[in-house]
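Student: Hi, can you walk me through a structure I have not looked at before? I will ask as we go.

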Amino acid sequence: MFIVGLGVAVPPQRYTQQECWETLRQSGEFGRLAVRSRALLRKVLTGNNGVATRHLVLQRLGEAFELNPDALQARFAEHAPALAAEAARNALEGAGCAVGEIDAILVSTCTGYLCPGLTSYVSERLGLRPEVLALDLVGQGCGAALPSLRTAEAILAAGRARTVLSVCVEVCSAAFFLDDDPGVLISACLFGDGAAAVVLANRPSPNRRRVEWKLASSHLAPDKREALRFGHKNGMLRNVLLPEVPQIAGDAAARLLERSLADAGVPRERVTGWILHTGGRDVLLELRDRLGLEEADVRHSAAVLREFGNLSSPSVYFVLERALRDSVPDGLWWISSFGAGFSCHGALLEVGRM
């Protein structure tokens with residue numbers, strides 16, 4: 001399987017962390033929080049937490065405090081299809097692929113729910129053929145990109161499609177929540193809105209950088225589920241995020257990399273590129289330590305986090321897009337995503353020139 005096109009999309013509204021702090025400080029919700037919670041929000045939003053700006057679908061930041069189920073669902077229903085379709089168009093353009101060539105579409109999300117799913121709305125916006133295979137993948141959190149790619153691989157290998165479109169889209173601002181739980185507060189300070197898409201085929205695209213999917217694996221740890229997941233309260237999604245998440249992510253990522261390289265018979269020294277979902281500053285630091293990486297190895301992950309915040313499932317595609325545009329050497333690249341479950345996913349990509 002080859003990645004023959006990649007596209008990303010974010011809302012036009014871009015807010016600095018300082019702007020978020022000023023708006024939050026003046027909101028009625030802020031005064032209802034405990035003193036300790038207010039201090040935490042100030043520390044995260046005005047300190048060096050690895051995030052400088054975030055793109056949000058909100059026309060004004062004050063909309064973030066319209067915390068009721070109807071407003072949040074309406075936000076997701078309006079913006080998730082639009083962002084997903086925009087990213088898909090960009091991916092199709094990058095692949096030089098016509099809409100009529102798409103045989104299957106996969107859409108992953110965890111920040112909202114529609115029935116019929118997002119594939120119905122995105123297929124309509126793109127003008128996909130009525131007989132296209134459409135699969136909605138939900139509940140995988142930040143790690144969803146790689147399971148989606150493995151699903152596409154299976155469809156292509158089975159001969160059920162020649163070209164597959166995989167989309168990850170998250171309207172994280174449709175899942176914001178505020179209470180005195182530190183994990184909830186930190187989540188509200190880190191996540192942004194966006195979408196990314198890839199076009200996949202069994203043959204590489206001519207005149208474009210060759211990105212071949214070589215081997216993939218996953219590590220599932222249900223016993224760590226309570227550390228990172230969505231819950232529900234007052235009819236709304238509420239993020240559960242415990243302090244041990246960086247350590248859990250680092251442990252899982254290290255084990256998965258070691259096992260995957262052994263299965264592939266590849267020495268670690270052959271890996272020339274690192275495409276990592278960060279989750280946040282502390283997670284990225286833990287990954288660097290456990291994987292034995294230098295700052296330069298994770299510069300694209302850090303740049304995505306700094307400019308967009310944690311985009312959840314699209315994040316790793318944003319990192320890959322930057323790496324492909326930059327001077328990362330050809331060769332074997334390791335791409336890894338992780339999230340709710342606790343789940344960690346990884347794959348070896350062989351990147352080269354045609």
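Tutor: We will go through some helices, then a strand residue and some loops.

Student: What kind of model is it, and how are residues numbered?
Tutor: This is a predicted model, where local features need pLDDT of at least 70, side-chain atom pairs count only at pLDDT 80 or more, and totals for chains, interfaces and linings use all residues. Residues are numbered from 1 along each chain as its sequence is written, and side-chain values use heavy atoms, with hydrogens and water left out.

Student: How far apart are the end C-alpha atoms of α3?
Tutor: They are 16 Å apart. The expected span is 1.5 Å times one less than the number of residues. Helices here are DSSP runs of H or I with at least four residues, strands are runs of E with at least two, and both are numbered from the N terminus.

Student: Which residues of α3 are buried?
Tutor: Ser37, Leu41, Val44 and Leu45. Buried means under 20% relative accessible area, exposed over 50%, and partly exposed in between, with a 1.4 Å probe and protein chains only. Seen down the axis of α3, the buried residues fall within an arc of 90°, so they line one face of the helix. The arc is that of the directions from the helix axis to the C-beta atoms.

Student: What covers them, and what is on the other side?
Tutor: The cover includes α1 (17–25), α2 (28–31), β3 (53–55) and α7 (182–190). On the other side, Val35, Arg36, Arg42 and Lys43 are exposed.

Student: Switching to α9. Which of its residues are buried?
Tutor: Val283, Leu284, Leu287 and Leu291. Seen down the axis of α9, they fall within an arc of 100°, so they line one face of the helix. They pack against α8, β11 (271–276), α10 (299–308) and β12 (331–339). Contact means heavy atoms within 4.5 Å.

Student: At what angle do α8 and α9 pack?
Tutor: About 35°, with the axes of helix α8 (residues 245–264) and helix α9 (residues 281–291) 8 Å apart. Axes are lines fitted to C-alpha atoms, for helices over the stretch in contact, and angles run from 0 to 180 degrees between N-to-C directions.

Student: And what comes after α9?
Tutor: Glycine 292, with a positive phi near 65°.

Student: Where is serine 108, and is it buried or exposed?
Tutor: Serine 108 is in strand β4, residues 104–109. It is buried, at 0% relative accessibility. Leaving aside neighbours within four places in sequence, its contacts include Leu137, Cys168 and Ser313.

Student: Which residues other than glycine have a positive phi?
Tutor: Asparagine 234 is one of them, at about 55°. It lies in the loop between β9 (228–233) and β10 (236–241). Serine 312 is another, with phi near 60°. Serine 312 sits in the loop between α10 and α11 (315–325).

Student: Which of those is buried and which exposed?
Tutor: Asparagine 234 is exposed, with a relative accessible area of 59%. Serine 312 is buried, at 2%.

Student: Where are cis peptide bonds found?
Tutor: One runs from cysteine 115 to proline 116, with omega near 5°. Proline 116 is in the loop between β4 and α5. Another joins glycine 341 and phenylalanine 342, with omega about -10°. Most peptide bonds are trans.
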